[in-house]
Amino acid sequence: MVQRTDKHKLGDLGELKVRMMFSDAGFATSEMSKDYGEDFFVFGEDSGIIEPFRIYVQVKASENDDQYKSDWTIYEDCLTVRNWVIGSDLTVLVRYNKKSGEYKFCVPEDEVEYWSLPFIEGGNVAINCNDDFDTEAVKKLMWMARVRHYDRLIKLTQPNEMGEEAWNDVPKYRLFCFELLVRLRLMDHAHSHLDNEIYLKAVHMADEMISDYEDSEDMSAIEKSRYSASLLLILNQLKKVSGFSLGMSKFLLDSCACLLVQLMFHREDVALKELQELAISAGLSV
């Protein structure tokens, strides 16, 4: 006779409650037909538009008296943790305590270094769920997964080698950087150029920092100051748009900042040409 143990009931309850939190935040979830380390996944979504990434969720439930930080530690098989760390999509580990009604979570790839995993039979990894899990955490996780998706997308589409001529225009892989800048409202979506307010802000920030830099063989002082201003602007805008303090990998931040600098100079070149054409049409010498 098939029996449903109290442990199974508790596990199902924990999964259901966590899925409801994602649903309450407006996101669609789908359960896994087989549990190979994840209970369900969440579709990436922005304002009703489904995005090409997912968030995988593993839920652990307990009825213990979890009074200390160490009580929220979960011990998981090293090979399962390996999949969470190197997987294409973000995995989230959530621990639910039925007795207290508390939820805490962590992102395993942020907690565990790949090379420290004990690849031995029966090797378990201790992962501590420290952060409170609620609707705001769900929204933050969606943005974390979105930024992570762009990071991996740009790495995958960047050519192994690029000739110098490729930099005379925007390299194709940076179109995904451009897309992210649009989503961060740094670009004028309707006209596909740098937003006027953002451009003026970036130039002002760069002008204030230019005295900190000197010309070098590879970059001028103005390029360096604009690059630094772009780094700050992107991170500030990410916080403003998402509503959370989030980070980017050095690679993604560098790729987006380089494009932003490129667009700043392009905007000025276009404006100069327009002024020259206007002067010629007015019969003025240029």
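Setting aside neighbours within four places in sequence, aspartate 65 is in contact with Asp71 and Lys99. Keep in mind that this is a predicted model.

Where does aspartate 65 sit? It lies in the loop between β3, residues 49–62, and β4, residues 73–77. Along the chain, aspartate 65 and lysine 99 are 34 residues apart. Their C-alpha atoms are separated by 7.4 Å.

Let's step back to the whole protein. There are 286 residues, and 41% of them count as buried. The secondary structure comes to eight helices and ten strands. What about contacts along the chain? Take the contacts between residues at least 6 apart in sequence. Of those, 63% join residues at least 24 apart. The accessible surface comes to about 17100 Å². Carbon and sulfur atoms account for 50% of that surface.

Next, helix packing. Two packed helices are described by the angle between their axes and the distance between the axes. I have two pairs to show.

Helix α4 covers residues 135–157, and helix α5 covers residues 175–183. They pack at an angle of about 160°, with their axes 9 Å apart. An angle over 145 degrees counts as roughly antiparallel, so α4 is roughly antiparallel to α5. The crossing of α4 past α5 is left-handed. Which residues make the contact? From α4 we have Arg146, Tyr150, Leu153, Ile154 and Thr157. From α5 we have Phe176, Cys177, Glu179, Leu180 and Arg183. Sorted by class, this contact has six nonpolar, one polar and three charged residues.

The second pair is α6 and α7. Helix α6 runs over residues 196–209, and helix α7 over residues 221–242. Here the angle is about 130°, and the axes are 8 Å apart. That makes α6 oblique to α7. The crossing of α6 past α7 is right-handed. On the α6 side, the residues are Ile198, Lys201, Ala202, Val203, Met205, Ala206 and Met209. They meet Ser225, Arg226, Ser228, Ala229, Leu232, Leu233 and Gln237 in α7. The residues of this contact divide into nine nonpolar, three polar and two charged.

One is arginine 148, which lies in helix α4. Buried or exposed? Arginine 148 has a relative accessibility of 11%, which is under 20%, so it counts as buried. What does arginine 148 touch, leaving aside neighbours within four places? The list is Val85, Gly87, Ser88, Asp89, Leu90 and Glu109. Take Asp89 from that list. Arginine 148 and aspartate 89 are 59 residues apart in sequence. In space they are 8.2 Å apart, C-alpha to C-alpha.

The other is aspartate 151, also found in helix α4. At 10% relative accessibility, aspartate 151 counts as buried. Not counting residues up to four places away, aspartate 151 touches Ser249, Phe251 and Leu252. There is also a distance to serine 255. Aspartate 151 and serine 255 are 104 residues apart in sequence, and 9.4 Å apart from C-alpha to C-alpha.

Now over to strand β3, which holds glutamate 51. Glutamate 51 is buried, with a relative accessible area of 10%. Which residues is glutamate 51 in contact with, beyond its neighbours within four places? They are Gly44, Glu45, Asp46, Arg146 and Arg183.

Last topic: backbone angles. Most residues other than glycine have a negative phi, and most peptide bonds are trans. Two residues here have a positive phi. Serine 47 has a phi near 55°. Serine 47 is in the loop between β2, residues 40–46, and β3. With a relative accessible area of 74%, serine 47 is exposed.

Arginine 185 is not a glycine, yet its phi is positive, about 60°. Where is arginine 185 found? In the loop between α5 and β9, residues 187–188. Arginine 185 is exposed too, with a relative accessible area of 56%.

Key
Residues numbered from 1 in each chain as written. Predicted model: local features only at pLDDT ≥ 70, side-chain atom pairs only at ≥ 80, totals over all residues. Heavy atoms only, no water. Helix = DSSP H or I, 4+ residues; strand = E, 2+ residues; numbered from the N terminus. Buried < 20%, exposed > 50% of the residue type's maximum accessible area, 1.4 Å probe, protein only. Contact = heavy atoms within 4.5 Å. Areas by Shrake-Rupley, 256 points an atom, 1.4 Å probe, with all protein chains shown as cover. Axes fitted to C-alpha atoms, helices over the stretch in contact; angles between N-to-C directions. Parallel < 35°, antiparallel > 145°, perpendicular 65-115°, else oblique. Left-handed = near helix turned anticlockwise from the far one by under 90°. Nonpolar A, V, L, I, M, F, W, Y, C, P; charged D, E, K, R; others polar.
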